[in-house]
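Please keep the sequence and the coordinates at hand.

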Amino acid sequence: MITLFRFLSRLPLAWLHSLGFVVGWLTWLLSPTYRRHMHDNMVLALGAAEAGRLRSAAIAEAGKGMLELPRVWLRPLAETSSRVVEVSGWELVEAASRRGKGILYLTPHLGCFEVTAQYLSTHAPITVLYRPPKQAWLQTMIEAGRARAQLHLAAADLSGVRGLLKALKRGEAVGMLPDQAPRAGEGRWLDFFGRPAYTMTLAARLVETGASVIMVWAERLPAGAGYHFHLQAPTQPIRGSIEERALQINQQIEVLVRQCPQQYLWGYNRYKRRRSSAAAPLAEAGAQRDVQQGAEQ
């Protein structure tokens with residue numbers, strides 16, 4: 001599998017997106033579960049008519065997202081970042097850097113979310129939250145692709161939370177996927193497109209540090225032309241209780257998704273139930289304590 005990834009990484013992006021079109025449709029045709037998740041999530045968020053209109057594009061874009069990963073992970077950073085051919089909202093980064101409180105980048109599963117931290121790392125250090133996959137070979141591939149000179153990985157545990165806090169304290173940037181389903185005991189059930197979804201609270205807690213919050217996503221351009229990098233401020237201040245802040249982050253993700261719904265990862269089971277765990281509530285309590293202490297220092 002690693003050999004296949006290395007071979008794919010050498011193909012032009014346009015070729016990979018063409019192959020991805022085929023892979024997207026094969027995945028949709030061969031997996032009833034994936035097909036059901038995509039259909040239900042799109043109808044819930046967009047309505048039946050809009051979901052039907054965008055279904056074919058969403059199937060193809062999901063496949064493109066899978067096939068572009070080898071190139072994003074395994075090509076030299078300069079080559080990967082050069083595929084970002086347009087940037088909107090960079091003035092937000094400059095303003096946040098002047099504040100010196102650190103930057104919290106929130107990147108949902110929209111467009112090419114893997115390229116965002118890589119591109120940002122070419123301008124300044126960034127620490128990203130990371131949850132190792134179950135497959136050892138894939139973990140090796142991801143770590144090799146994400147571990148760039150100024151791109152640092154923080155495990156999705158208490159030590160990782162401390163790493164994120166240290167980065168923010170230094171005035172650096174941190175990033176995460178706020179719509180990734182957390183482990184049992186590490187989230188809250190909050191509305192996402194009108195239906196309760198198990199939502200991470202870490203992003204909402206890190207807001208307490210005073211870091212500037214920037215929503216970021218990379219739009220996949222047609223015919224393998226590259227990516228349009230979007231940086232956007234939240235449409236409203238993120239404040240209130242942990243639940244209120246986490247819900248507001250969900251709402252900000254919805255704002256981004258509506259800008260380009262065909263490139264959202266609708267097949268991801270955002271609404272799945274999490275198995276209970278006795279240790280997980282302790283992890284959330286530890287994370288809350290660490291964030292509070294970091295904010296006070």
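Which residues in α2 meet which residues in α3? Thr27, Trp28, Leu29 and Leu30 in α2 meet Pro32, Tyr34, Arg35 and Met38 in α3, where contact means heavy atoms within 4.5 Å. The model is a predicted one, in which local features need pLDDT of at least 70 and side-chain atom pairs count only at pLDDT 80 or more, whereas totals for chains, interfaces and linings use all residues. Residues are numbered from 1 along each chain as its sequence is written, and side-chain values use heavy atoms, with hydrogens and water left out.

The protein chain contains 12 helices and 9 strands; helices (H or I, at least four residues) and strands (E, at least two) are DSSP runs, numbered from the N terminus. Of its 297 residues, 52% count as buried, that is, under 20% relative accessible area, with exposed meaning over 50% and partly exposed in between (1.4 Å probe, protein chains only). Among contacts in the protein chain with a separation of 6 or more, 77% are between residues 24 or more positions apart.

The helix pair of the opening question consists of α2 (residues 13–30) and α3 (residues 32–46), whose axes come within 5 Å and cross at roughly 100°. Axes are lines fitted to C-alpha atoms, for helices over the stretch in contact, and angles run from 0 to 180 degrees between N-to-C directions.

A second pair is formed by α1 (residues 2–9) and α4, with axes that come within 8 Å and cross at roughly 85°. These two helices are therefore also roughly perpendicular to each other. On the α1 side, Phe5, Arg6, Leu8 and Ser9 meet Leu67, Pro70, Arg71, Trp73 and Leu74 in α4. Helix α4 (residues 48–74) has 27 residues and should span 39 Å at 1.5 Å a residue, which agrees with the 39 Å between its end C-alpha atoms; the expected span is 1.5 Å times one less than the number of residues. Helix α4 also has a kink of about 50°, centred on Leu54, the bend at a residue being the angle between axes fitted to the seven residues ending there and the seven starting there.

Attention now turns to the sheet. Seven strands form an open sheet in the order β1-β9-β8-β2-β5-β3-β4, with mixed pairing; two strands pair if DSSP finds at least two bridges between them. Why is one side of β1 and of β4 left without a neighbour in the sheet? Both β1 (84–88) and β4 (151–155) stand at the edges and each has a single partner strand, so one side of each has no neighbour there. From one strand to the next, the twist averages 25°.

Strand β2 (residues 103–106) runs parallel to β5 (residues 173–176), to which 4 bridges join it, and also pairs with β8 in the parallel sense over 4 bridges. Ile103 stands opposite Ala173 in β5. Leu106 has Met176 as its bridge partner in β5 and Met215 as its bridge partner in β8. In a regular strand the side chains alternate between the two faces of the sheet. In β2, Ile103 and Tyr105 point one way and Leu104 and Leu106 the other way, and all are buried.

Helices lie across this sheet. Helix α9 (residues 158–169) lies across β2, β3 (126–130), β4 and β5, running at about 140° to β5. Helix α11 (residues 242–259) lies across β2, β8 (212–220) and β9 (227–232), at about 25° to β8. Lys169 belongs to α9 and counts as exposed at 58% relative accessibility; its C-alpha atom is separated by 8.4 Å from that of Thr209, 40 residues apart along the chain. By contrast, Ser121, in helix α7 (residues 114–121), is buried at a relative accessible area of 2%. Ser121 touches Leu77, Ile126, Arg148, Gln150 and Leu151, not counting residues up to four places away in sequence.

Two loop residues remain. Phe193, between β6 (187–192) and β7 (195–200), has a positive phi of about 55° although it is not a glycine, and is buried at 6% relative accessible area. Ala223, between β8 and β9, has a positive phi of about 60° and is likewise not a glycine, but counts as exposed at 72% relative accessibility.

Note on methods. Parallel < 35°, antiparallel > 145°, perpendicular 65-115°, else oblique.
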